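Q: Can we go through this one together? I'll ask as I go.
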Amino acid sequence: MARLVNSLFTIIPYNFFSYRLIQITIFIFSCFLIIVLTWQKPPLLQISTIDHYQCEIKNTLVSNKTFNILLPLSDYAKEFAERLCSNTEIGKQFSQVNINWRNRSALTADDLLKEKYQLIWARKDTLKGMVLHFDDIYQMLLPSQKVQIFWLSHNKAAELSPHFLTDKIIGLINDQKSFSSYLVPIDSLKKQGIDISKLHINYYNSYKSLYDAFNRHEIDLIPGQNWFDSIIDIDQLTQIPIQHQLESGELYAAKSIITPELTCSFIAAFHVYIPLFEASNTTLTSPKYCKNI
Amino acid sequence: MKIKRQQFNYLIYWLISTIVFLIVLLVINQLSFKNQVSTQLNKHLSPELTKAFQQHIIDKNYKNLVKSNLNQQLALTNALTHFNIFKRYSLTIEALFSESDHSNLHTIYVPWQFGLEAKQAKVILDYQIRWWLIICICSISTFIILVLIHLVPKPVSSHYKQWLNLLKSLQVEDDIAKALSDKIEITDTSKKDWLKSLLTKILEDNQLTENVNINDLVIWFLNKTTDDLQQISQIKFIDALYQSTINIDQAYQLAKKTCVLSFNIDTFTININNFEIKLAKTPFFYYLWYAYLKVNNVDAGWLINPSINHPDTQSANTITTLMKENHGHSKSINELETHGLRAKTLDQNRNKIKETLISQLGEELSQPYLFDLLRDTKTGRFKYRLKLDAESIKLPQAIKNTLTQK
């Protein structure tokens with residue numbers, strides 16, 4: 001070994017520089033080794049998508065049977081599910097309630113034919129477009145609710161007239177497919193006989209930039225819905241309701257499980273969604289027989 | 001004491017580097033850990049958060065649902081095995097909507113998209129450090145690193161190489177030459193110069209190279225102090241080394257700048273700087289006689305060779321007395337009594353002294369102990385005396401008494 005080292009140093013000159021170099025190499029290498037050995041690796045995160053809420057029915061008569069619900073929104077899902085879980089009528093047929101919320105486009109014809117969901121909140125046109133004999137499988141419990149859209153303004157004298165709009169700036173979302181923030185507001189202006197080409201309209205790429213600009217009083221008129229009150233204080237603004245209302249969709253239940261008692265229970269539980277329709281003064285009407293149950 | 005101090009220094013190095021290492025390791029590990037967690041959160045939590053709110057409209061309680069659901073999912077991954085210096089790892093979402101941005105080792109902000117808005121969730125990363133383990137790792141590893149670094153052989157200096165080459169050319173074996181060069185390397189510069197000139201001179205002289213055991217010489221040298229070496233003349237030392245009968249210690253004594261000559265009348269030996277030389281009886285007494293003349297400054301130590309016709313009877317008497325009292329050779333005593341002190345006798349004995357000294361000390365080294373020669377202006381004959389200073393000669397007490405009585 002020593003001989004080998006000696007012969008090595010006859011090839012490479014072993015001087016003060018290489019001596020320090022070897023020492024530094026040893027130091028760095030050891031440090032590297034220790035850092036590698038003590039390296040702390042966090043566990044792999046596995047987070048599944050939050051797209052459902054599940055609860056166990058308290059007084060159930062069956063086991064392992066899930067009541068599946070499909071909703072287009074995630075709001076009040078927990079409250080809705082809890083209400084259903086504490087209901088004895090549902091407990092007669094099911095052991096747990098599972099509420100799913102998906103994009104409206106996520107629903108397939110296969111889901112409908114196999115009755116994957118026992119309760120569906122969706123638009124009639126979409127469902128009938130998918131399955132022709134839809135009415136044979138599902139029964140409508142509640143008709144579609146209307147969602148009110150407004151023009152919002154800081155100006156107390158705001159109105160949809162050519163005179164008022166001459167020196168005003170209108171803010172819209174730069175998305176020509178948007179029902180609520182482009183198509184419907186433009187349509188309402190046209191119906192008032194206003195020439196769109198003469199208006200001063202600013203287009204924004206996001207709701208945030210639109211509402212920021214509105215809050216800074218850079219624009220005078222924007223379209224809005226009552227559920228945007230987390231961003232702007234709607235109560236302090238002038239609201240001009242737009243005639244055209246958005247359809248929220250109907251509530252359907254699978255005919256295979258539906259009973260008058262269940263219908264009443266579902267409608268009662270569905271009242272958690274009332275806040276969504278407050279501005280359009282909607283009331284959820286239950287069938288008359290529910291009063292007797 | 002010196003070794004203890006060195007050990008103490010190493011202990012301090014070890015302590016300091018352990019602390020530095022500990023800090024570095026902790027900082028690197030914690031930062032990288034946070035970074036890794038942060039990357040994972042951005043990769044997995046962020047898109048799920050964004051997705052979770054895509055179907056959301058106005059329900060404010062829904063935020064709590066999402067938060068508790070995610071925290072339940074995070075809690076499942078919190079129980080882990082692959083940890084050593086960290087323990088009790090946990091990840092919790094503190095707020096889904098956080099305005100502040102005071103990031104630290106335990107707070108991670110995860111950006112996500114709330115509809116069209118950019119939001120950030122505040123996640124608390126919590127874990128504990130196994131201090132005993134990290135301290136053990138740091139102290140042991142720094143110890144090993146320090147030992148390894150210390151074990152790297154030091155490069156040989158050009159001086160060391162010179163010494164090695166010098167010793168090798170003096171036929172010293174490789175291993176011994178290396179060991180000796182190591183030791184020479186750490187001696188004083190003045191000593192090194194002395195040795196260098198000595199070894200160079202030895203190298204230039206073939207006879208010296210054969211005579212002298214370089215290994216012994218260097219070891220002897222290493223044991224001497226600078227002061228020791230300053231007391232001797234290197235030329236004399238080399239002259240002494242020429243003599244195969246003289247060992248290194250004796251050579252050192254002989255090479256001393258101060259010469260001391262003493263006489264042992266019982267054994268007929270003279271002692272030159274602790275080096276004993278045995279003389280024949282008769283020459284011994286003549287040498288002692290010359291020494292006496294020098295010490296007592298009789299005619300400044302000069303003794304004129306007597307003429308052939310008039311032998312020196314006075315001196316003859318004195319020498320005879322000296323011989324008689326000290327077991328001198330009877331033949332010599334008879335000769336002196338019958339013929340008196342003759343030039344021939346003096347010449348013979350001086351030559352014998354000279355021969356003996358030269359045979360023992362060599363030509364050069366014996367010179368100070370031999371005789372000065374001068375032609376006497378009055379008589380035209382040669383006169384002789386000891387070269388050595390009177391102060392350097394020590395006569396036996398008994399002789400002094402005998403001769404002064406005379």
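Q: Which residues of chain B does UniProt list as "transmembrane region"?
A: The unreviewed UniProt entry lists residues 12-33 and 131-152 of chain B. UniProt positions are in the numbering used here, feature names are shortened, and annotations may be inferred rather than shown by experiment. The model is predicted: local features need pLDDT of at least 70, side-chain atom pairs count only at pLDDT 80 or more, and totals for chains, interfaces and linings use all residues. Residues are numbered from 1 along each chain as its sequence is written, with chains lettered from A and ligands numbered from 1 in the order in which they are written.
Q: How far apart are the end C-alpha atoms of residues 12-33 of chain B?
A: 31 Å, and that span is 100% helix and 0% strand. Helices (H or I, at least four residues) and strands (E, at least two) are DSSP runs, numbered from the N terminus.
Q: And residues 131-152 of chain B? What is the helix percentage there?
A: That span is 95% helix and 0% strand, with its end C-alpha atoms 32 Å apart.
Q: How many helices and strands in chain B?
A: Chain B has 16 helices and ten strands.
Q: Switching to α10(B) and α15(B): which residues make the contact?
A: First, the axes of α10 (residues 234-242) and α15 (residues 343-366) of chain B come within 8 Å and cross at roughly 150 degrees. K236(B), D239(B), A240(B) and Y242(B) of α10(B) meet G362(B), E364(B) and L365(B) of α15(B); contact here means C-beta atoms, placed from the backbone, within 7 Å.

Technical notes
Axes are lines fitted to C-alpha atoms, for helices over the stretch in contact, and angles run from 0 to 180 degrees between N-to-C directions. Two residues are in contact if their C-beta atoms, placed from the backbone, lie within 7 Å.
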